[in-house]
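Please keep the sequence and the structure in view while reading.

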Amino acid sequence: DSGVTQTPKHLITATGQRVTLRCSPRSGDLSVYWYQQSLDQGLQFLIQYYNGEERAKGNILERFSAQQFPDLHSELNLSSLELGDSALYFCASSVAPTASGANVLTFGAGSRLTVL
Amino acid sequence: AQSVTQLGSHVSVSEGALVLLRCNYSSSVPPYLFWYVQYPNQGLQLLLKYTSAATLVKGINGFEAEFKKSETSFHLTKPSAHMSDAAEYFCALGYFGNEKLTFGTGTRLTIIP
């Protein structure tokens, strides 16, 4: 157990729908990252939050949004889902950016999204 | 732009043989480099990291990697493969002040009994 908790583990939904993926970071970590893993794109960085604020943005579609709450858990919202959004979505966490080891990411087990 | 290239999407080695997984990077600033392993149906687990200290880095499960600036490489090795090493391995790049990691496309390691 890495200490990063993601729910749900599996999710099957239809095109056009909206889903929310949830992540609880490892105790003491202040930064949360979202990555998408698909067969054709590999591991793609979506977005990073630090202490509730957006810190870095990657290849995140406009249909996707995320936030980090005061208790540091994070949610990734995916809307108007398309077949191509089917993927494994990973959450990772790390210590504060100014702390030693800030680049060491601890990953959760992932949420597998299937869009039919 | 920073990037990571993993040579060989699939590598097969016999049990007991040397494991060599290749990673080359491109970075305009001093890089931090990582190797992660992903077992089936699991998340990524850190194997080892290079953050500008010793160039030869030892990790978990007998793996090690050497940072070679002149070759822009960070290859992962293990002297003797074990069946439990079968997994997907990812090389990743980061740098100071930018905590997100850029991952390579991964190398699937198969161990032949």
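## A cis peptide bond in a loop

A:P8 is placed in the loop between β1 and β2 (10-13) of chain A. Strands here are DSSP runs of E with at least two residues, helices are DSSP runs of H or I with at least four residues, and both are numbered from the N terminus. The peptide bond leading from A:T7 to A:P8 is cis, and its omega is near -10 degrees.

## Basis of the model

The model is predicted: local features need pLDDT of at least 70, side-chain atom pairs count only at pLDDT 80 or more, and totals for chains, interfaces and linings use all residues. Residues are numbered from 1 along each chain as its sequence is written, chains are lettered from A and ligands numbered from 1 in the order in which they are written, and side-chain values use heavy atoms, with hydrogens and water left out.

## The fold of chain A

Chain A contains zero helices and 11 strands. Its elements, read from the N terminus, follow the order β-β-β-β-β-β-β-β-β-β-β. The radius of gyration of chain A, taken over C-alpha atoms, is 13 Å, close to the 13 Å that the globule rule gives for 116 residues, so chain A is as compact as a globular protein of that length. The globule rule is 2.2 Å times the number of residues to the power 0.38.

Along the principal axes, the C-alpha atoms of chain A fill a box of roughly 40 × 30 × 25 Å. Of the 116 residues in chain A, 52% are buried. Buried means under 20% relative accessible area, exposed means over 50%, and partly exposed lies in between (1.4 Å probe, protein chains only). Among the contacts in chain A with a separation of 6 or more, 56% join residues 24 or more positions apart; a contact means heavy atoms within 4.5 Å.

## The surroundings of A:Q6

A:Q6 belongs to strand β1 (residues 5-7) of chain A. With 4% relative accessibility, A:Q6 counts as buried. Leaving aside residues up to four places away in sequence, A:Q6 touches several residues, including A:R22, A:W34, A:F90 and A:C91.

Two polar contacts involve the side chain of A:Q6. A polar contact is a pair of N or O atoms within 3.5 Å; within protein, one must be able to donate a hydrogen and the other to accept it, and residues adjacent in sequence count only if both atoms are side-chain atoms. The side chain of A:Q6 reaches the backbone oxygen of A:Y89 at 2.9 Å, and a polar atom of this side chain lies 3.0 Å from the backbone nitrogen of A:G110.

## Asparagines with positive phi

A:N51 is not a glycine, yet its phi is positive, at about 50 degrees. This residue sits in the loop between β5 and β6 (53-57) of chain A, and at 46% relative accessibility A:N51 counts as partly exposed.

In chain B, B:N61 likewise is not a glycine and has a positive phi of about 60 degrees. B:N61 lies in the loop between β6 (56-58) and β7 (64-68) of chain B and, at 41% relative accessibility, counts as partly exposed.

## Salt bridges within the chains

A salt bridge is a side-chain nitrogen of Lys or Arg within 4 Å of a carboxyl oxygen of Asp or Glu. By this rule there are eight salt bridges over all chains. One of them joins A:R26 and A:D29 (3.1 Å, N to O); A:R26 is partly exposed at 33%, whereas A:D29 is buried at 2%.

A:E82 forms a salt bridge with A:R63, with the closest N and O atoms 3.7 Å apart. A:E82 lies in the loop between β8 (74-78) and β9, and A:R63 in the loop between β6 and β7 (64-68) of chain A, so the pair ties together parts that are 19 residues apart in sequence. A network of salt bridges links A:R63, A:E82 and A:D85. In chain B, the side chains of B:D85 and B:K78 meet in a salt bridge (2.9 Å, N to O), and both residues are buried.

## The contact between chain A and chain B

Chain A brings 17 residues to the contact and chain B brings 18 residues. About 1,500 Å² is buried between the two chains, and carbon and sulfur atoms give 57% of it. Buried area is the accessible area (1.4 Å probe) that two parts lose on being put together, summed over both. A:L43, A:N103 and A:F107 supply 39% of the area that chain A buries against chain B, more than any other three residues.

Between chain A and chain B there is one salt bridge, in which B:E99 pairs with A:R55 and the closest N and O atoms are 2.5 Å apart. Seven residue pairs are in polar contact between the chains (both at pLDDT 80 or more).
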